[in-house]
Amino acid sequence: MEKENFKTPTVYAVGGGKGGIGKSFISSNLALFFSRKKISTLIIDLDFGGANAHTYLNTQLAGPSIKDFLSGSTSHLGEVVTKTPFPNLSLIRGAADWDEVMSLDAKSLQQFFKSVRDLGFEKIIYDLGAGTGFETIEAFIDADVRLAVSSPEPISIENTYQFLKRVFYRQLQSACEQLDCKSLVDDILNNKQELKISTPSSLIKHIKKTYPEMGATLDSKIQELKSITLVNQARSPKDRKISGSIAHIARQYFGFPVENAGCIDFDNRVWQSVRSMKPLFMESPDSDILRDFRDIFNQLEKHKKTSAQTDGKGLYKNVS
Ligand SMILES: Nc1ncnc2c1ncn2[C@@H]1O[C@H](COP(=O)(O)OP(=O)(O)OP(=O)(O)O)[C@@H](O)[C@H]1O
Ligand SMILES: [Mg+2]
């Protein structure tokens, strides 16, 4: 892409901890939503254990993958970008086996995330794997727009909180390393019962009260974690309200902004589209089932646009 056409990319991460809740389905349809608007879009399969974003996009597994770049077999990330059958939409395939990838350190991952942003795509979507693996949490933190997906099942909701908790503590850890205050924060954490620190947000409050300057800096790093909740596979009116409750509880518990994006209903046409390898956004872009998707995706896009206009750096990177 020519330099004058280069637009600052927006990176979206779709995570949530639990497997089978629709992360890949949502990632691939979000990618199709953008690409249908003639926006150059790249989806990256960061599910190192169970790569399948290619299936959602009707693309073969065989071919260059993220592993070729991360293991050093190829030095240019652009070489592992594959075209999909859909205009304006490219894919970086996931790694089929992930032993080598697992040994990646924070520095290599940061370099990878930077290379991704330099590829020249306007929208980049990280389809994250299940669980709270190091690379999954790092990718979620690196994104500009963070989508924490859950299903309405209690286990999935619990996993979403655990996922956000890992995100919180990882961000705290890197902020402490930067500020050289790790042992001080560790001491506080070791005495949290006596200090009546029962939640991550009360930990930050305590640090702010005791060490105002350092506390304010740590707090601003934590605020950068602004995230969005979304419940997929809702089957009842009660289910449709769950995302709002998760966002509310997470805000109180973690003390960083968490917004509710709403929900997507369970619908047989969803899994049928996956089985027939015909993505919904290509097959029936105006159908009622896509109403929820469109509303949510429009919301995500608008958030970013508004923030880019106001602070030039993105709402999700720069919340004070
Ligand atoms: N709203 C929905 N209605 C019906 N079926 C759905 C819905 N969303 C996802 N599914 C189905 O659920 C299954 C799992 O979805 P998906 O592969 O996107 O989950 P995932 O979170 O990416 O899983 P993993 O963690 O294993 O990568 C798929 O068969 C998909 O078609
Ligand atoms: Mg998946």
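How near do the axes of helix α7 and helix α12 come, and at what angle do they cross? In this predicted model, where local features need pLDDT of at least 70, side-chain atom pairs count only at pLDDT 80 or more, and totals for chains, interfaces and linings use all residues, the axes come within 11 Å and cross at roughly 35°. Residues are numbered from 1 along each chain as its sequence is written, while chains are lettered from A and ligands numbered from 1 in the order in which they are written.

Helix α7 covers residues 154–179 and helix α12 residues 242–254; helices (H or I, at least four residues) and strands (E, at least two) are DSSP runs, numbered from the N terminus. Axes here are lines fitted to C-alpha atoms, for helices over the stretch in contact, with angles from 0 to 180 degrees between N-to-C directions. On the α7 side, the contact is made by I157, T160, Y161, L164 and F168, and these meet I242, I246, A250 and F254 of α12; contact means C-beta atoms, placed from the backbone, within 7 Å. By class, that makes eight nonpolar residues, one polar and no charged ones (Ala, Val, Leu, Ile, Met, Phe, Trp, Tyr, Cys and Pro count as nonpolar, Asp, Glu, Lys and Arg as charged, and the others, Gly among them, as polar).

N159 also sits in α7. N159 counts as buried because 22 C-beta neighbours lie inside 10 Å; the cut-off for buried is 20 or more, exposed is 12 or fewer, and partly exposed falls in between, with C-beta atoms placed from the backbone. Leaving out residues up to four places away in sequence, N159 touches G16, G17 and K18. G16 is 143 residues from N159 in sequence, yet the two are 7.1 Å apart in space, C-alpha to C-alpha.

Then there is the sheet, an open one of eight strands in the order β3-β4-β2-β5-β1-β6-β7-β8, with mixed pairing; strands pair if DSSP finds at least two bridges between them. β3 (82–83) and β8 (258–265) stand at the edges with a single partner strand each, so one side of each has no neighbour in the sheet. Further in, β6 (residues 145–150) and β7 run parallel, joined by four bridges, and V149 stands opposite L230 in β7.

Key: Contact = placed C-beta atoms within 7 Å.
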